[in-house]
Amino acid sequence: MNTFDHQKYRPFPVLAKTDRRWPSQQITKAPIWCAVDLRDGNQALIEPMSVKQKQRMWALLVKLGFKEIEIGFPSASQEDFDFCRWLIEENQIPEDVTIQVLVQARDALIERTYEALRGAKKAIVHVYNSTSPVQRDKVFNLDKQGIIDIAQKGAAKVASEANKQPATKFRFQYSPESFSSTEIEFAIDVCNAVIGVWKPTPENPCIINLPATVECASPNVFADQVEAFCDQVNQRDSLIVSLHTHNDRGCAIAAAELGLMAGADRIEGTLMGNGERTGNMDNVTMAMNLYSQGIDPKLDLSNADEITRVVSECTQIATHPRHPWLGELVYTAFSGSHQDAIKKCLGQQQEGAPWDVAYLPIDPKDLGRDYQSVIRVNSQSGKGGVAYILEQDFGLQLPRWMQIEASRLVQSHAEKNKSEVSSQEIWNIIQTTFMGGQNVSKLKAYQVDKNDTLERVSATISDGEQVHDINGQGDGTLAAFCDALSIQTGMPLEITHYDQHALSEGSDASAVAYVQLKANGTRYCGIAKDHDVLSANVNAILVCIQQAKRAAQSAV
Ligand code: KIV
Ligand code: ZN
């Protein structure tokens with residue numbers, strides 16, 4: 001029998017909705033964020049966070065700008081209880097941050113939860129019970145009224161316990177757990193029952209949180225459910241509608257975004273999407289999605305490396321290198337055509353102008369990344385990548401004809417070694433091939449005389465051991481040097497390309513020259529730096545001559 005049998009499963013029932021409006025909505029502002037790393041994220045870890053790790057995660061969440069943070073499930077875990085006490089007793093909660101705690105709709109647990117919150121200035125008490133058919137029928141063995149009774153009773157207890165601590169400003173939150181797998185009419189009935197108990201007002205709203213506890217359908221189906229809920233629930237103007245999606249189908253972020261378009265106000269999620277099974281909705285990714293559309297996400301994600309470091313230290317889960325926005329490789333191009341396009345676009349990107357760079361949806365610098373890692377070179381890379389690295393790291397602006405020569409060498413190095421080629425390796429290849437090894441001759445002194453048609457040079461070159469005087473003439477200075485060197489070496493020489501540019505301040509030379517020289521009928525390329533352009537050009541010619549001499553020797 002084949003065990004991989006799709007007939008075991010049923011399609012998810014979709015809503016018969018004819019008044020769908022969310023597809024033409026746009027997200028224009030950040031939602032109210034709630035970070036649930038310390039509760040839902042923590043509950044999903046192989047090893048739950050230690051006190052130290054919780055404190056680190058808390059500090060990071062506060063630093064990033066979260067104003068609502070679910071810190072645990074104090075009635076279910078002594079560690080969560082103690083952490084809640086530490087936050088309150090040690091005065092760790094900034095004025096503008098509200099802690100949130102989760103509790104099941106059971107009297108004893110609600111009482112213990114309020115014990116944990118004693119002395120807090122403000123807090124959100126988040127109560128939940130399961131509502132879906134499978135939970136009703138198989139887990140709780142209760143009918144719909146039984147589920148409503150649990151929710152109502154829990155809501156009443158949450159309110160009555162709050163009354164006992166008048167110095168604390170409480171806000172109430174209710175989640176119909178497994179909302180997205182619950183019949184929409186029933187989900188609304190349960191929430192209406194809770195709302196009837198809490199009697200929220202526009203000035204004192206309660207939070208109704210709609211979880212996709214297990215993601216079972218495509219995100220458009222979730223958006224339909226959210227829109228239907230917002231349309232039909234009682235006292236919509238007195239509710240903050242919150243979404244809490246999980247990522248079983250890989251669409252938690254999409255579902256939450258479409259849910260916002262469908263009318264929700266608030267989002268619960270975790271950093272980098274840690275959470276049960278495939279995880280919670282990733283707050284970082286959604287915030288960056290907004291940021292990349294020109295919307296202020298109201299979170300400061302500018303230190304991406306700190307975020308990934310702290311999250312992986314606390315969760316002991318490494319960040320995937322291709323994780324949206326923050327992965328190590330997400331701003332790196334290996335492909336030659338991508339590198340070429342990035343190099344061209346970065347070259348044209350004006351300071352202050354809207355970002356418009358092919359293959360880079362945002363400026364990696366915004367996340368504290370540099371351009372260093374944008375272009376990395378392997379056997380798939382082309383001339384653009386090599387040229388980019390030489391320019392960024394070593395100040396060389398290779399002319400096109402030289403880029404082709406250089407990338408050919410780097411690519412064959414990558415193919416031979418079957419690995420990425422580092423910036424330093426590229427530089428070593430360029431130096432040894434095009435900048436001459438030891439014993440390359442250098443121009444020591446020169447004199448140029450001009451008349452109307454001809455230039456004459458007299459110069460001294462030295463290879464460190466021997467000194468030669470050379471003389472020649474031509475219709476330009478470089479042609480005159482070529483003539484002089486041709487006489488000295490006995491080789492026919494012709495410059496086929498040359499180019500030069502100034503070097504930035506701080507470099508030990510002020511100019512660099514690139515020369516392609518035909519010697520004995522073969523083309524050689526040389527690069528040289530010097531304090532003046534002419535010396536750089538002549539020294540680049542001398543590198544080419546050294547290559548030609550070596551070629552001649554090895555042919556013997
Ligand atoms: O996923 C879920 O349904 C939850 C609730 C407790 C909100 O985490
Ligand atoms: Zn959850």
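Predicted model: local features only at pLDDT ≥ 70, side-chain atom pairs only at ≥ 80, totals over all residues.
**Entry 1: domains**

I began with the domain assignment of the chain. It gives domain 1 as 22-315, domain 2 as 331-369, domain 3 as 374-434 and domain 4 as 442-555.

**Entry 2: domain 3 against domain 4**

I looked up the distance between the two centres, taken over C-alpha atoms, and found 24 Å for domain 3 and domain 4. I then checked contacts: 12 residues of domain 3 touch 15 residues of domain 4. The area buried between domain 3 and domain 4 is about 1,100 Å², and 69% of it lies on carbon and sulfur atoms. I asked which residues of domain 3 lose the most area to domain 4. They are L396, W401 and F434, which together make up 52% of what the domain 3 side buries.

**Entry 3: polar and charged pairs across this interface**

I looked for salt bridges between domain 3 and domain 4 and the rule found 0. For polar contacts across the interface of domain 3 and domain 4, the rule gave 4 residue pairs, with both residues at pLDDT 80 or more. I next noted which helices are involved on the domain 3 side. Both α14 (400-417) and α15 (423-434) supply at least two residues to the side that touches domain 4. The helix that gives the most there is α15, with 4 residues. Sorted by class, this side of domain 3 holds 8 nonpolar, 3 polar and 1 charged residues.

**Entry 4: the zinc ion**

I turned to ligand 2, a zinc ion, and asked which residues coordinate it. I found D40 through OD, H244 through NE2 and H246 through NE2, at 2.0 to 2.1 Å. The spacing of these donor residues in sequence reads D-x203-H-x1-H. I located D40 in helix α1 (residues 37-43) and H244 in strand β7 (residues 239-245), so this pair ties together parts that lie 204 residues apart in sequence.

**Entry 5: salt bridges**

I counted salt bridges by the rule and the figure came to 29. I picked out one of them, K63 with E306, whose side chains meet at 2.8 Å, N to O. K63 is in helix α2 (residues 51-64) and E306 is in helix α11 (residues 304-315); the pair links distant parts of the chain, 243 residues apart.

**Entry 6: T477**

Last, I looked up T477, which I found in helix α16 (residues 477-489). Which residues does T477 contact, leaving aside its neighbours within four places in sequence? I listed V448, E455, V457 and L534. With E455, the T477 side chain makes a side-chain polar contact of 2.4 Å.

Notes:
Residues numbered from 1 in each chain as written. Chains lettered and ligands numbered in written order. Heavy atoms only, no water. Domains from an automatic or database assignment. Contact = heavy atoms within 4.5 Å. Buried area = accessible area lost by both parts, 1.4 Å probe. Salt bridge = Lys/Arg side-chain N within 4 Å of Asp/Glu carboxyl O. Polar contact = N/O pair within 3.5 Å; in protein donor to acceptor, adjacent residues only side chain to side chain. Nonpolar A, V, L, I, M, F, W, Y, C, P; charged D, E, K, R; others polar. Donors = N, O, S within 2.8 Å, 3.2 Å for Na, K, Ca; no water.
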